[in-house]
Amino acid sequence: MNHPLLIAVLILAPLIGFLINGLRYQKNSANLSGILATSAAVLSFFVSVILVSEIFSLPQESRKIVVQFFEWIHVDSFRVNFGFLLDPLNSIMILIITGVGSLIHLFSIGYMSHDHGAAKYFAYLNLFLFNMLILVLADNLLVMFVGWEGVGLCSYLLIGFWFKDSQKAAAGMKAFVTNRVGDAAFLLGIFILFLTFGTVQFSDLVAMAPSVAEVSWWGPITLGTLFLFVGATGKSAQIPLYVWLPDAMAGPTPVSALIHAATMVTAGVYMIIRLNPLFLAAPNTMAVIAVIGVLTAVVAACIGLLQNDIKKILAYSTVSQLGYMFLACGVGAFGAALFHLMTHAFFKALMFLGSGSVIHAMHEEQDVRKMGGLKKYLPITHATFFIGWLAIIGMPPFAGFFSKDEILGMSFQSPYGNAAFWALGVFGAILTAFYMTRLMALTFWGKARFSDKLHPHESPWTMTLPLCVLAFLSAVGGWIGIPHVIGELLPGHPENFLEKFLEHSILPILDLPKAMPTMEYLLMGTSVLLAALSAYFAYTMYLLKPEWPKKLADKFRPLHELVSNKFYVDEIYESSLIQPLIQLSKNIWLYVDVNLIDKTTYVVSDLTKGCGGFVRILQNGNAQTYATYISIGIVLILSILLMR
Amino acid sequence: MYNLNWFSQIGLQHYLLLSSALFICGMAGVLLRKNAIVILMSIELMLNAVNISFVAFSHYQSKLEGQIMVFFVMTIAAAEAAVGLAIMVSIFKRFREVNIRFFERLKG
Amino acid sequence: MISDAILFWILAFLSLSAGLTVVMIANPIYSALALVMTMVSVAGLFVTLGAYFLAGVQLIVYAGAVMVLFVMVLMLFDLKNEVYAFTQGLLTNVVKLGCLGLLAGLLAGTLVLSSYQSQEIQDKVVAAADQTKALGQLLFTQYLFGFEVLGILLLIVAIGAVALSRSRGGTHHV
């Protein structure tokens, strides 16, 4: 097969969709543009399936397709090709991106059918796919950065899609500015790595990564990877740059599902997995990543406990799950991170789409306190959401169980991890089970709390079909990574397919202690049991004894206040960073710009004007006057000559 | 110098003085006259004055190059007169007069 | 020798007075006629300097062609006697006159005080025909290039003059 052509089709199909819809955004109807965009995404999906099967057909050691399209930058010895690389690692990514992306495009047709800007929306969505594919397929840091910035732009455009609402426009701005902070760090990381290794090519960087770990905090690899990680915290919404993601829910719900849950926010994780030998060479960075990851997982889950907006709950859940992925990266379990990335893409996209279906049915109502009892009205949405719920709280045999369990197990066993990480991880899982059950209970179960005039109805097939597919994937998606201990029990002894698939892309953890089956069962059992208990507790609290939450809130008033106000992080940023910056800018504007620069230029311009006004008298257009000047000149020159 | 000899012995100096006088005359015309055609004539006057000095030098130093120069100057003068008069015609067509003041309108 | 001197003085007087008339007289036609007079006397001066061929050219080209052109244009315009022959503006005129006076003074001073005071003429009186021949040879050998360039210039000027006088004149609409 012709690999360059396939990769070109894969990447360019969404771009062409974007161009068509973008150029005709006033003429294309919602349906037409939706079908166009969806077919572009589906085409990409088919091509990526073909490409991945190609990858499979290659022998295990050489599963790699490299395509160089053209030389992009050539300065002296510095050369960057616009090149793409496909290996097992990103073949999973492109399947997720185009597969989940296609489903979400399909869902959007129904969801956006009444919107006037649908063609623009689909154009942005396709542009996003294009940039995301560039990001994951890039074979060097610079091309990746192109995609990195591109998805940031699409995210901004789509969050602020309903820009006439100034709050939503502001949310887009917030996301963009926060991402800029991360992107600046990402660039710095690229610079440091380039200075150190003299290349930005992934294959060279990975090959040159030293086998001996760098101990110092200020070594170039540690510093470079730390900056890259700060970039990742921006894109993947980790502490301290996570604040934009909950606000990003201002965008259309399918966008939240695609960009702010399934794909774009995982770019940071993907980047770290892609450069795993480098990160492994910098244990300090690994420690930072693990700590930030686990903290984010717990803090975001805490905030999620008391949110009332259905999408905000899911957003904090996303932040929390991303924290798990970073925890996995931090303890060296890159395969587990990618596994969780995949399963999370399935069940979180499912839950966002489900919430979209709910919001659609409730006529743009997002407050869970005003829902309830929707199970009766939205059977399909409820059933699929239920599967997603089981997956996210980690109930076996649903997808989330395998991936989350692998992360927790690795954080305990890995030489980079310890019991504290595991304990915090389990605590996060308990919180997750609690707020997810709360969400289910308040939304679907119990008595209806909305007015009688509202008649919620099930969504059209374009919206329920993606839900069903994603529910199926959430149910079985975890089976490609069944741990050995369970695999041995099952008939036919299925091996850990994912681990084998990624064998040559990801460095194994050195001196990983041989796992004892009893230990693994113990860890697994503890987390599942605690999560189930927590879910049951939440079920009791919000369904059977609805007066409990109020009592508890009254009892722990300060704590309740703190958590429901999201730990006042936004307010702290506002007062400690944003306001001083605004004041500083204002002062600089007033004293430097207005008083110094402007006044200087005024003086200069006045001076020039004055001089010009004087000289203008001489230039009066009269030929005789000019002749007079010539004769004056002759007289002067002659007299000077004669005086000598 | 202030004897009759100066009047009877004609030399280079006399020709040069005459040339200067004619030149100043022409220049006065260029600077002070209002009629553009008269200004053109004054320029011819100046060129003639220069021609006199050229021929005088040529004569008193026995070199023919001065005369060649005069030849060139005459050609240029004829060309300049032709173009100048053509411009005058244009100006006259528009303003019905050839005052030098109207040339101010030509400025960009 | 004295006849030469007399001839020079007569011609000098004629040319200067005619030149002054060109500048001073209000009617442009009279100016043109005075200019013809100047040309003729300059041609006479050329004769006293032994440049016979140039004297002839001066008469034919200047007094003949160029002056006829001037007179024809003047006739075409049919200009009346001008009330104000000179430009207005006291200050500028004073400046201009001052300039002229200074220039005249400088030139005269230079010439009078210079070393050309008494010129012993190395008059190797060349025969008129020989001189014309030498001039022609010089013009068509050493200065051929300049000569040809002049020819092209004249061609351009001829076309340009036609184009200019046919144009509507100016870009500004009054």
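Helices here are DSSP runs of H or I with at least four residues, strands are E runs of at least two, and both are numbered from the N terminus. On that count, chain C of this predicted model has six helices and zero strands, running α-α-α-α-α-α from the N terminus on. Residues are numbered from 1 along each chain as its sequence is written, and chains are lettered from A and ligands numbered from 1 in the order in which they are written. As the model is predicted, local features need pLDDT of at least 70 and side-chain atom pairs count only at 80 or more, while totals for chains, interfaces and linings use all residues.

Of the 174 residues in chain C, 22% are buried, that is, have 20 or more other C-beta atoms within 10 Å of their own, with C-beta atoms placed from the backbone.

As for the neighbours, 72 residues of chain C are in contact (C-beta atoms, placed from the backbone, within 7 Å) with 64 residues of chain B. Helix α1(C) gives the most to that side of chain C, with 11 residues. Eight residues of chain C are in contact with nine of chain A.

Technical notes. Contact = placed C-beta atoms within 7 Å. Buried ≥ 20, exposed ≤ 12 C-beta atoms within 10 Å, placed from the backbone.
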